[in-house]
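Have the structure open and follow along.

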Amino acid sequence: MSKPEPTQIDPSTVAVTGNFQLTAQLPQGKSISISGYLYHGEAAQSISQRIDVLHDEIDRQRTRAEIPEIEVKLEQSLQRLSDIKTHYAIMEAKVAKGTKLNQQEKAALEVRDVNIEKHKEDIERGRAAIAEAKAQLVIK
């Protein structure tokens with residue numbers, strides 16, 4: 001659904017009667033700020049439309065800035081899954097050698113499949129979040 005374009009104002013022909021500023025905090029200590037002016041005789045609908053357009057752009061920029069953080073979390077999840085699989089393989093090798101496992105290791109092996117599945121779901125959620133964020137960046 002496309003939004004109507006704001007009414008075009010020729011700033012050279014009207015007086016500025018005020019201003020507005022939209023600011024958002026972004027990841028990694030960054031921020032973005034967009035300013036605009038209010039013009040004499042401008043309709044409230046025109047003001048709202050312009051602010052909506054700028055608000056949408058701030059949201060787009062916030063999403064853009066969040067993607068690298070989501071990607072880092074995804075890489076961490078992939079590494080955790082690999083580490084967990086390695087840990088379980090070590091415990092299984094102990095069992096195969098006839099080494100007794102302690103209670104904690106036995107408990108961990110009992111929930112191995114559930115634990116691995118949970119990590120796989122986290123990874124899929126991360127991939128979906130990245131895909132969704134990138135899709136939102138497409139300018140329509």
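Start where the axes of α1 and helix α2 (residues 103-110) approach each other: they come within 11 Å and cross at roughly 115°. Angles from 65 to 115 degrees count as roughly perpendicular, so α1 ends up roughly perpendicular to α2. Keep in mind that this is a predicted model. As for handedness, α1 and α2 make a left-handed crossing.

Which residues do the touching here? On the α1 side you'll find Tyr-88, Met-91, Glu-92, Lys-94 and Val-95, and they meet Glu-105, Ala-108 and Leu-109 of α2. Sorted by class, that contact between α1 and α2 is made of five nonpolar and three charged residues, with no polar ones. The spacing along the chain is worth a thought: an α-helix has 3.6 residues a turn, so residues three or four places apart point the same way.

How do the axes of α1 and α3 cross? The class tally for the α1 and α3 contact is twelve nonpolar, six polar and eight charged residues.

That leaves α1 itself, which runs over residues 44-97, 54 residues in total. From first C-alpha to last, α1 reaches 77 Å, close to the 80 Å you'd expect at 1.5 Å a residue. Where does α1 bend? Look at Glu-66, where the bend is about 30°, with a proline, Pro-68, following within four residues. Then move to the other end: just after α1 sits Gly-98, which takes a positive phi of about 90°.

Key:
Residues numbered from 1 in each chain as written. Predicted model: local features only at pLDDT ≥ 70, side-chain atom pairs only at ≥ 80, totals over all residues. Heavy atoms only, no water. Helix = DSSP H or I, 4+ residues; strand = E, 2+ residues; numbered from the N terminus. Expected span 1.5 Å × (residues − 1). Bend = angle between axes of the 7 residues up to and from the residue. Axes fitted to C-alpha atoms, helices over the stretch in contact; angles between N-to-C directions. Parallel < 35°, antiparallel > 145°, perpendicular 65-115°, else oblique. Left-handed = near helix turned anticlockwise from the far one by under 90°. Contact = heavy atoms within 4.5 Å. Nonpolar A, V, L, I, M, F, W, Y, C, P; charged D, E, K, R; others polar.
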